Amino acid sequence: MKLSHLLLTPLATIVLSACAGTPSNESPANQQPRPDTHKVATNTATPASSATGVSADFESRTLSADKGQFIQEVAANYQIPAKHVAGLVNSAQINSQTQRLMAPSAKRRVKRSWTTYRNRVMDPIRIRGGKSFMQRNARTLKQVEQQYGVPKEIIGSIIGVETVYGKYMGDFKLLDALYTLGFYHPDPKRPDRHQSFRNQLAALIKLDHQGKLNAQTELGSFAGATGLPQFMPISIMHFAVDGDGDGRIDLRHSEIDAIHSVANFLVKHGWQRGMPVFAPATLPKNPASVEGKGLEPTLTWQELLAQGSTSNTANAAWINGRVLGVINLMDESNGRNEYRIATQNFFAITKYNNSYFYAASVADFAEALK
């Protein structure tokens, strides 16, 4: 979901908007007050879900770029009547604005600035909205924190960064956006992106057939993410939760469903109860020498100790295992680097949006809400 400043790692995000499912090119943090439409970790392997009966096939299966064959494959693979699949696919329209927003930029690469990105996330409108959100959902947030082990401020922060608490959920028709990006994606050099969006389209069609979403009316980001937490269709299938117990999942109108769903997403992507996002420890003597580049932790505390890190903590969860990474929040404009020791929970947030800037801003905004 971010066009310019989001990506700090060399790993490409799979195309979405700003939150949980598919990549978009722009983040609300970069262009206020637009929402942070991102992707819902479509590149992350997800477990089979007994609750929905959906397997990881939606992420891994190769679906044809020929529309007629695509219809037959989706019908056969996901037990949907071909007439239902064809009705949706054939009614979908190419959205030129989606193509324009997802087109690769021909301009010179914009220098990444952590300072600029963070300041746009920590704006007064979002902070005021966060205070109100936390107050009116205090009881639910406390219950969810106890149930999932995800701090309430982290949940509130993600929803705030994604859509400013529902103010900017997107007005693109999901069916058209995913159809456009699956069959008429503007970047011919990235067939993996085209395939990813066809998989998302198949998931949307399945959700429509199940009566969980109306593909003809559901709105969201230009990259196909929807609701308060900006979930992509595959993430809705795997991670969305009926938190208010009304028998349906409604990520657009139910803040309770959104809160439960964000927590569940993080837990399913490795969130550890009681672990901070950043380790309370000093940096190694030469942090650049052990700086991480990917979206998984690679270091042990013992390895950082050997590099000169220190901490007064004795029995914290991050002390054990290969759950740490030294990240660099760079400001290329000023030639400045800001290193932090990230824990496994930091990397869990990057599964929501494949960006160091995004995960660090979520953590910092959570501290403001706290």
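This is a predicted model: local features need pLDDT of at least 70, side-chain atom pairs count only at pLDDT 80 or more; totals for chains, interfaces and linings use all residues.

**Entry 1: the whole chain.** I began with contacts, and of those with a separation of 6 or more, 69% join residues 24 or more positions apart. Next I looked up the secondary structure and found 15 helices and 4 strands in the chain. The chain has 370 residues, and 59% of them are buried. I also looked up the accessible surface, which comes to about 15000 Å². Carbon and sulfur atoms hold 50% of that surface.

**Entry 2: helix H10.** I picked H10, residues 191-209, and checked its span. I then asked myself how many of the 19 residues in H10 are buried. I found 16 of them buried, so to speak a mostly covered helix. A pair of packed helices is described by the angle between their axes and the distance between the axes. I looked up both for H6, residues 124-136, and H8: the axes come within 10 Å and cross at roughly 130 degrees. That angle makes H6 oblique to H8. The crossing of H6 past H8 is right-handed. I then listed who meets whom. On the H6 side I wrote down Arg126, Phe133 and Met134. Their partners in H8 are Lys152, Glu153, Gly156, Ile159, Gly160 and Val161.

**Entry 3: serine 157.** I stayed with H8, residues 152-163, and looked at serine 157 within this helix. Is serine 157 buried or exposed? Its relative accessible area is 0%, and buried means under 20%, so serine 157 counts as buried. I set aside its neighbours within four places in sequence and looked for what else serine 157 is in contact with. I found Tyr165, Ser361, Val362, Phe365, Ala366 and Leu369.

**Entry 4: alanine 348.** My last stop was helix H14, residues 344-350, where alanine 348 is found. Alanine 348 has a relative accessible area of 0% and is therefore buried. Which residues does alanine 348 touch, not counting those up to four places away in sequence? I noted Leu266, His269, Gly270 and Trp271. I took a second look at leucine 266: 82 residues separate it from alanine 348 in sequence, yet their C-alpha atoms are 6.0 Å apart in space.

Conventions
Residues are numbered from 1 along each chain as its sequence is written. Side-chain values use heavy atoms; hydrogens and water are left out. Helices (H or I, at least four residues) and strands (E, at least two) are DSSP runs, numbered from the N terminus. Buried means under 20% relative accessible area, exposed over 50%, partly exposed in between (1.4 Å probe, protein chains only). Contact means heavy atoms within 4.5 Å. Accessible areas come from the Shrake-Rupley method with a 1.4 Å probe; for residues, only the protein chains shown count as cover. The expected span of a helix is 1.5 Å times one less than its number of residues. Axes are lines fitted to C-alpha atoms, for helices over the stretch in contact, and angles run from 0 to 180 degrees between N-to-C directions. Angles under 35 degrees count as roughly parallel, over 145 as roughly antiparallel, 65 to 115 as roughly perpendicular and the rest as oblique. A crossing is left-handed if the near helix is turned anticlockwise from the far one by less than a right angle, and right-handed if clockwise.
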